[in-house]
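Thanks for making the time this morning.

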Amino acid sequence: MKRFNPQALVTLWNVERLGSFSAVARENGWSQPAISQQIKKLEEDCGMTLVRRTASGVELTQAGLTCARHGQLIDSRLTQVVEDLQHLRSDRSSHIRLVAPPSACSTFIARVLVHMSWSSDVRVTLTQMEPPEAMASLSQGSVDCAITFRYNALPEFMQSHEDFNMEQFGRDPLLLLVRKSSDVAKDYQRSQQAVNLASVRSQQWIAGCTMCQANLLRLSQAAGFTPNITHSTDDYWATQNLVEVGMGVSIVPRLATLTHVRDSLEACPIRDANAFRSVFFVMRRGDDRPSLRQVRAEVRRAARKYLLE
């Protein structure tokens with residue numbers, strides 16, 4: 001199999017993104033025959049059909065979609081080259097774009113922003129983002145670094161990526177959030193022993209994001225039951241409200257409870273060796289800007305006060 005033309009792979013991705021050869025030609029200032037010739041040559045090189053014509057335009061075959069994913073990565077890296085050079089040209093390499101999940105934003109990342117605002121020339125801008133979106137933004141070059149997490153019960157989520165450096169900063173235990181008046185909370189207050197999830201198997205459940213819900217299912221499966229999930233929200237305050245008024249119980253990260261837990265609620269440790277998530281600092285491999293290293297060092301220092309080793 002021949003070595004493929006990177007530009008043709010990018011063009012194929014643009015065909016998927018825009019839906020037609022003519023749209024790609026207009027966007028790039030090329031002729032439509034030039035687009036057709038690139039795709040035809042790419043099909044000859046790989047010996048497979050990549051694009052099919054339909055009544056509404058064109059669609060990619062499975063082989064075409066596979067090639068288009070690589071074209072998207074190539075386009076992202078080329079975009080990043082331009083941005084990096086612009087940073088150097090305009091001396092903006094000290095501006096770092098950081099993304100992090102809500103529980104990190106409200107705890108140790110907030111401390112990082114405050115500390116760096118008065119102790120450093122590095123300017124950090126923060127956007128709240130869950131791990132799947134954060135990793136996609138890193139791939140596209142729209143952010144410089146990310147705080148992400150991986151549930152220990154879901155090792156298949158957020159696998160390591162050859163384009164990223166992933167540094168684990170610590171563990172964040174998961175807690176069962178229940179009303180303080182419940183039998184489960186009273187037993188925990190009396191014994192101070194971790195709670196078996198099977199003790200609340202008959203309760204309604206409040207789940208979080210897609211990944212959080214998958215973790216709930218995996219942990220409850222290990223405890224021998226399937227949870228009755230009636231509500232889903234990734235808003236921690238909404239979760240507290242729902243638990244407080246008796247609409248169910250929930251699993252929340254310890255980080256989220258450090259800002260505030262209502263007096264009427266109890267956050268109990270869970271009796272399961274997988275009831276925690278690992279927290280990571282992620283950046284693109286090869287990005288060795290001093291400003292980025294400084295942000296990583298500040299995040300590591302601040303995280304020690306909030307995460308377990």
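**Annotation, cores and spaces**

UniProt, in an unreviewed entry, places the feature "domain: HTH lysR-type" at residues 4-61; such positions are given in the numbering used here, feature names are shortened, and annotations may be inferred rather than shown by experiment. Please keep in mind that this is a predicted model, in which local features need pLDDT of at least 70 and side-chain atom pairs count only at pLDDT 80 or more, while totals for chains, interfaces and linings use all residues. Residues are numbered from 1 along each chain as its sequence is written, and side-chain values use heavy atoms, with hydrogens and water left out.

Over residues 4-61 the chain is 62% helix and 14% strand, with the end C-alpha atoms 17 Å apart. The protein chain has 12 helices and 11 strands, these being DSSP runs numbered from the N terminus (helices H or I, at least four residues; strands E, at least two). Its C-alpha trace spans about 75 × 50 × 30 Å along the principal axes. Of its 309 residues, 44% count as buried, that is, under 20% relative accessible area, with exposed meaning over 50% and partly exposed in between (1.4 Å probe, protein chains only).

In soluble globular proteins, nonpolar side chains tend to be buried together. A nonpolar core here is a set of buried Ala, Val, Leu, Ile, Met, Phe, Trp, Tyr and Cys residues joined through side-chain atoms within 4.5 Å. The largest has 26 residues, of which Tyr151, Leu174, Leu176, Leu197, Trp205, Ile251 and Ile270 touch the most other members. Among the elements giving it two or more residues are strand S5 (145-151), strand S6 (164-179) and helix H8 (183-191), while the largest share, four residues, comes from H9. A second, separate core of 25 residues includes Ile96, Met116, Tyr306 and Leu307.

Arg97, in strand S3 (residues 95-100), counts as buried because its relative accessible area is 17%. Its side chain reaches the backbone oxygen of Ser142 at 3.2 Å.

Now to the spaces, for which a 1 Å grid was laid over the protein atoms alone: a cavity is a set of points where a 1.4 Å probe fits but cannot get out, a pocket is an open set with protein on both sides within 12 Å along at least five of seven lines, and lining residues have an atom within 4 Å of a point. Grid points are joined across faces, edges and corners, and a volume is the space filled by probe spheres set on the points.

How many cavities of 30 Å³ or more are there by this rule? The count comes to one, with about 50 Å³ of space, and its lining consists of Leu73, Arg77, Leu138, Ser139, His161, Asp163, Phe164 and Arg284.

The largest pocket holds about 590 Å³ of space, and of the 29 residues that line it, Pro102, Asp234, Tyr236, Pro253 and Ala256 are the closest to its centre. S9 gives the most to this lining, with four residues. The second largest pocket has a volume of about 190 Å³; Val178, Arg179, Ser182, Gln203 and Val249 lie nearest its centre among 14 lining residues, and S6 and H8 are the elements that give two or more residues to that lining.

Notes:
Polar contact = N/O pair within 3.5 Å; in protein donor to acceptor, adjacent residues only side chain to side chain.
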